[in-house]
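My notes start once the sequence and the model are on the page.

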Amino acid sequence: MKKILVCFTVIILFTGSSVSLQNKLSADNKLKQNYITIDARRRVTGPDGKIKYNDYEPFKTRTVEILAGYKASVAAPLLSKYGGSIDKRTTATGFYYVKKIGDRWWGVDPDGYYYINVALNSISMGKSERNQQALKTTFGSSEKWISETIKMLKGNGFNCAGSWSDYKAIIVANTKAERPFAYTINWNFMSSYGRERGGTYQQPGHTGYPNDAIFVFDPEFETFCDRHAKQLLATKDDPNLFGHFSDNEMPFKFKSLDNFLALPENDPGYMAAVRWMEEQGITKEQITDKHRETFMAIVAEKYFSIVYKAIKKYDPNHMYIGARFYSDEKNHPEFMKIAGKYLDIISNNYYNRWTPDSTQMANWTKWSGKPFIITEYYTKGEDSGMPNQSGAGWIVRTQRDRGLFYQNYNLALLESKNCVGWHYFKYQDNDPTSKGEDPSNIDSNKGVVNNYYKAWEPMMVLMKELNTQVYSIIKYFDKE
């Protein structure tokens with residue numbers, strides 16, 4: 001059987017995946033075209049405003065195995081204690097940072113080694129009774145869970161915890177580990193202020209604001225941010241902290257000017273928009289898209305300047321890695337230029353792309369002057385038996401297909417030369433029995449482990465194959 005696997009690897013890749021018969025190619029043609037096809041269902045919004053999934057359609061998919069001319073190393077990669085590439089080194093600061101070296105952006109680990117941030121979101125214990133019982137049965141204690149989970153993730157090439165992870169448990173685990181596990185923290189400056197102020201509400205996946213107008217012009221917001229940022233003092237000297245997120249998926253909308261003008265007349269946001277229009281000498285009827293573009297950037301300037309000042313006041317050591325842009329804001333040059341003034345890394349939640357768009361990725365860095373990380377994306381497997389109706393990701397037939405999507409997506413990120421990492425969403429599947437969950441996280445196979453903390457092995461094997469070859473794949477793309 002081993003001989004068959006070696007001789008007919010490409011054929012097995014097809015038969016093991018859910019590939020449309022009409023799209024199967026001969027082994028020779030596959031090698032020439034350097035892709036396979038994987039069937040997936042795309043999430044769309046119908047005319048009635050309801051979310052649905054289209055029928056399966058084939059998508060071109062690159063994998064590590066069929067990269068033309070690429071040969072995987074048999075030996076395990078030599079890594080720094082933080083997961084950096086041991087054969088490339090620059091200035092060490094004792095903390096993570098980013099640096100453009102030649103024509104490629106790199107993360108740099110605390111010891112100065114070149115580094116790509118490979119993370120999962122939501123590395124935390126499940127909340128449902130089923131999750132809690134499974135954790136007790138499998139691990140016995142929360143301390144055992146985090147140590148075993150970190151061990152498992154490191155073994156599969158992950159080196160960081162993304163948003164909504166139990167970073168406090170990771171900090172404790174790092175005190176006992178020879179090789180620490182990096183983490184990030186999302187501080188929710190605007191949404192926390194909104195809860196204190198009043199006026200916010202839950203939307204699927206993020207906090208909602210009146211008229212999609214954030215409270216950035218409130219005179220109290222800056223004072224709140226300074227007070228809120230004092231929490232950063234607790235981790236400011238920890239070399240294992242990769243960076244700070246300030247919020248998640250805020251509505252930086254192209255029509256922010258229209259949205260602010262629709263607020264009550266006594267709202268600070270409304271008054272700020274009216275003052276700006278008076279300065280421009282225009283009325284509502286004279287608003288153009290150029291005005292909208294400019295005001296969108298003004299909202300960004302107000303938000304990022306205030307939050308940046310607060311973050312750096314209490315923690316000058318770590319990176320400010322953004323607010324996880326999720327909509328069309330990332331495709332507006334003026335907005336991205338302002339974001340780049342204050343952010344060390346642009347963080348983008350990037351859905352509805354089977355393969356990341358090379359032009360978009362180039363523009364993000366061209367406009368902002370900064371590298372980026374992708375902080376949310378995922379697929380859901382039909383073979384999980386879950387409904388898979390909540391959330392934004394694709395539906396595919398099998399766990400193996402999920403792993404092949406992961407490889408295809410991240411190969412494009414590595415090829416871009418401007419990406420310094422990715423945060424796959426997420427650690428554990430949604431549990432339909434859990435109460436009070438975000439409506440975007442109720443019934444879907446998003447995790448790398450199921451509700452009993454068992455890994456989806458066909459997916460994980462392929463994730464590991466790419467994760468452990470990140471640095472050699474970069475050499476391949478850079479033709480070193």
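This is a predicted model: local features need pLDDT of at least 70, side-chain atom pairs count only at pLDDT 80 or more; totals for chains, interfaces and linings use all residues.

The entries below go from the sheet to single strands.

Residues are numbered from 1 along each chain as its sequence is written, and side-chain values use heavy atoms, with hydrogens and water left out.

Entry 1, the sheet. I found eight strands forming an open sheet in the order E15-E14-E11-E10-E9-E20-E17-E16, with parallel pairing. Strand E15 (319-320) and E16 stand at the edges with a single partner strand each, so one side of each has no neighbour in the sheet. For the terms, strands (E, at least two residues) and helices (H or I, at least four) are DSSP runs numbered from the N terminus, and two strands pair if DSSP finds at least two bridges between them.

Entry 2, strand E17. I looked up residues 372-376 and saw that five of the five are buried, meaning under 20% relative accessible area with a 1.4 Å probe and protein chains only. E17 pairs in the parallel sense with E16 (residues 346-349) over four bridges, and Ile346 stands opposite Phe372. Two bridges join E17 to the parallel strand E20 (residues 419-424), where Cys419 stands opposite Phe372.

I followed residues 160-161 and 182-186, which pair in the parallel sense over two bridges, and Cys160 has Ala182 in E11 as its bridge partner.

Note on methods. Buried means under 20% relative accessible area, exposed over 50%, partly exposed in between (1.4 Å probe, protein chains only).
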